[in-house]
Amino acid sequence: MPMLTPDMTPEEFDAVLKKVGHIGDDTIMKRTGMQLTRIGYDFAEGTMPVAGNLQPMGLFHGGGHVVLAESLASMHAFARNDGRPVVGVDLNATHVRAAREGTVHGRAETIHAGRTIINHEVRMTDDDGNLLSIVRITNFLRRESK
């Protein structure tokens, strides 16, 4: 049975969120305070606090954008790949505005989902909805058994 389908109920999406959104103690997601907050057939959303993820100039670190984006896209790709492994093969980030406080919100949306490749565009915004960064990521969908 597929992990994500377009006709799932909100309760079924919540069950998938609990399954793929678990963040282990020894992960970068845990250390950065990242949270996976919503998942749907064509998207995943999450957050990361600015505090604790700053670069020396007092701004949210560009690497934090990339960690949030890659994590959201990869977790979503994993769910779309029915719990089989995925491997990131390309990532491009464009930062357009700085954040100094609050929370960074990310939304990964599927651009293309093929048999072996899935592409996401991840937009990061601040608490006021201002665009901070756009990341495009490509994951290879491995097809061996779980």
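**Notebook: strands, charges and surface**

I began with E121, which counts as partly exposed at 24% relative accessibility (buried is under 20% relative accessible area, exposed over 50%, partly exposed in between, with a 1.4 Å probe and protein chains only). I note that this is a predicted model, in which local features need pLDDT of at least 70 and side-chain atom pairs count only at pLDDT 80 or more, while totals for chains, interfaces and linings use all residues. Residues are numbered from 1 along each chain as its sequence is written, and side-chain values use heavy atoms, with hydrogens and water left out.

**Entry: salt bridges**

I looked up the partner of E121 and found R123, with which E121 forms a salt bridge; the closest N and O atoms are 3.2 Å apart (a salt bridge is a side-chain nitrogen of Lys or Arg within 4 Å of a carboxyl oxygen of Asp or Glu). R123 is partly exposed as well, at 39% relative accessibility. I recorded six salt bridges in the structure.

I next examined D26 and R31, whose salt bridge has its closest N and O atoms 3.4 Å apart. Both of these residues are exposed.

I then turned to D42 and R80, whose side chains meet in a salt bridge at 2.9 Å, N to O. D42 is in the loop between β1 (35-40) and β2 (43-49) and R80 is in helix α3, so the pair ties together parts that are 38 residues apart in sequence (helices, H or I with at least four residues, and strands, E with at least two, are DSSP runs numbered from the N terminus). I found D42 partly exposed at 38% relative accessibility, whereas R80 is buried with a relative accessible area of 18%.

I also noted a network of salt bridges that links R38, E45, R107 and E109.

Strand β4 (residues 103-113) pairs with strand β5 (residues 117-125) in the antiparallel sense, over eight bridges (two strands pair if DSSP finds at least two bridges between them). These two strands form a hairpin, with three residues between β4 and β5.

I located N139 in β6 as the bridge partner of I118. β5 and β6 form a hairpin with five residues between them, and G129 in the turn has a positive phi of about 85°.

I checked D82 and found its phi near 55°, a positive value in a residue other than glycine. D82 lies in the loop between α3 (62-80) and β3 and counts as buried at 18% relative accessibility.

I placed V87 in strand β3 (residues 86-95), where V87 is partly exposed with a relative accessible area of 35%. V87 and S74 are 13 residues apart in sequence and 7.8 Å apart in space, C-alpha to C-alpha.

**Entry: surface patches**

I found that V87, V89 and F140 make a nonpolar surface patch of about 230 Å². D7, E11, E12 and D14 form a negative surface patch (patch residues have over 30% relative accessible area and no salt bridge, with like charges joined within 9 Å and nonpolar side chains, Val, Leu, Ile, Met, Phe, Trp and Tyr, within 5 Å). I placed D14 in helix α1 (residues 10-20), and D14 is partly exposed with a relative accessible area of 43%.

Notes:
Areas by Shrake-Rupley, 256 points an atom, 1.4 Å probe, with all protein chains shown as cover. Lys, Arg positive; Asp, Glu negative; His and termini not counted. Charge placed at Lys NZ, Arg CZ, Asp CG, Glu CD.
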